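Please look at the sequence and the model shown here.

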Amino acid sequence: MARGTLAVRDLSVSYGRAVRALRGVSLDVPEGTVTAVLGANGAGKTTLLRAISGTLPFHRGAVDAGTVRLGDRPLTGLSPSAVVAAGVVQVPEGRRVFGRLTVEENLRAGALGARGRRSVDRAGAAESTAAARERVLELFPVLAKRARQRAGLLSGGEQQMLAIGRALMARPAVLLLDEPTLGLAPLMAERIAETIREINLQGTSLLVIEQNAALALELSSAAHVLEVGEVALHGPSAELAGSDEVRRRYLGVSEDTPEGVAVSDAAAPSGDHAGTSGTPEASAGRPVLARWTG
Amino acid sequence: MSTFVELVVNGVSVGAVYALIALGFVIIFKATEVVNFAHASLLLVGGYVTAVLHDDIGFLPALGAGIGTAALAGALIEVLVLRRARVENHAVLAIVTIGVDIMMTTELTRRIGTEVLSLGDPWQSRIVTIGGVGIAETRIAALAVASLLITAFLLAFRYTPWGVAMRAAAEDGEAAALMGIRLTRVSLGAWAVAGALAAVAALFLTVFPTPGLDRSTSFAAMKAFPAAILGGLDSTTGALAGGLIVGLTESLVTGYQGQLDFMGRGAGDVAPFLVMLLVLLVRPAGLFGTRELSRV
């Protein structure tokens, strides 16, 4: 499903016209890759996904400036269903499966968004939905076993699988995952990670938000670190995993070697933005906070 | 004994009609979390259009027009009033529907005046006798049509894409939007379906033994409120159970009024509300308005 790069440019978002949640954030999810976004609570990770999916109005938020594009198609300002129809589907934080619906019905609900696409006629849509279901059940055989069970009665891991499977029913070109391993046992988290790799191998690009930095850096080819609404660091994941700052802050490793790699340049263009002037820039030589070092 | 059977049959039949109204009430609540106080006037619109048109175009087309108009009226309320009102609080929207109801009812009662309009139904006042029990044909028709519609609705709710979208949106609007479900469409559909069901109910509320459609018909429609509430506002099953309970209570209390002297006259009108209060004392969320068990 070739649709091009998901490109976020200079995105600024505020809630209730008062609280700035994102300031001039730019990042790319090149076609066929896994990109990770790291950051502490409140850094704006979930806001970023809301802005891409068009669900900010549910939280009284709005995009103040900047664009989101998929290939050459602008997504900014579209309704959530139009974003899904364009091929960008989100698995929200906390799974959010429809607990009172059966597993099977959850999957059907996931396929509803794909029906809005103009390119496919009815028969074609039914066929590709069947193909999508087959693929989902292949990825998560447990969902086939529990098809008639209410989703609310599944375990946390199974609910996460269902949430991912439900999103895949819309046959996304880009899948957005918000904290897919949050609250899962390590073994289950590892299984979810494997699935993410598998989904990527099958040709879907992924943007993964993950509080488990080690896992996220291992999965992704590139990563961005958000801090207080701005991209503080970004670069190839392997490089970031080797950088002292990331290791100290997010991987819980303390080493006393001096400053190494990958320092932000994404924050620089955002300085031109009227809305972001006056806010402290993420600076290159930002000292590592003492409390993070063990 | 035959009186009892008769009362039960009548009660179930009227109850099925209340269930139709309550069902509309419940799906609006499920889809939009708005308690729709304008429901009685939607019903009145449907009934009025049928009553006005049946002489010229015949009963069935007139009924069709009534159903269509009520559905349209529901959809218009959704588009013109509720969608534009940008408020977070659903209680505010509920109050807005009271305003809509007052406006619509006022206009309709002005048009109806003091007349009692017939809806031109084919059953009139014929009575069939089955095993020594006389039952009005209208009651049988009401029961048959209401059961058919309710079954069709529940099947659609369960198996069609519309039903899945509706239930998904009712449970978690934001997650449903993330799946590409259009919430505006879901809500529009709920209002239109509720209007259509109310129009059918209008027919069966005004046929024999009721004299016809008059300004008090909307009060009769109000009895669907206790039905929806005692069943549980967010439960379709509850709407059905509530409708039947209210219908039966009303029918039996009215029928045995002689033996229930202590309740005074007109107890049949009050009894459904008493039942509602009793149910709510025991189950504050209504009979089926349950909190689901879920593992997190």
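Helices are DSSP runs of H or I with at least four residues, strands are runs of E with at least two, and both are numbered from the N terminus. This is a predicted model, in which local features need pLDDT of at least 70 and side-chain atom pairs count only at pLDDT 80 or more, while totals for chains, interfaces and linings use all residues. Residues are numbered from 1 along each chain as its sequence is written, and chains are lettered from A in the order in which they are written.

Q: What makes up the order of elements in chain B?
A: Chain B has 12 helices and 2 strands, and from the N terminus on they run α-α-α-α-β-β-α-α-α-α-α-α-α-α.

Q: Why is α1(B) called roughly antiparallel to α8(B)?
A: The axes, which are lines fitted to C-alpha atoms over the stretch in contact, with angles from 0 to 180 degrees between N-to-C directions, come within 8 Å and cross at roughly 165° for helix α1 (residues 2-32) and helix α8 (residues 183-206) of chain B. Because angles over 145 degrees count as roughly antiparallel, α1(B) is therefore roughly antiparallel to α8(B).

Q: How do you know whether the radius of gyration of chain B agrees with that of a compact globule?
A: The radius is taken over C-alpha atoms, and the globule rule is 2.2 Å times the number of residues to the power 0.38. With 296 residues the rule gives a value near 19 Å, and chain B has 19 Å, so the two agree.

Q: What percentage of chain B counts as buried?
A: A residue is buried if 20 or more other C-beta atoms, placed from the backbone, lie within 10 Å of its own, and 49% of the 296 residues of chain B count as buried.

Conventions: Angles under 35 degrees count as roughly parallel, over 145 as roughly antiparallel, 65 to 115 as roughly perpendicular and the rest as oblique. A residue is buried if 20 or more other C-beta atoms lie within 10 Å of its own, exposed if 12 or fewer, and partly exposed in between; C-beta atoms are placed from the backbone.
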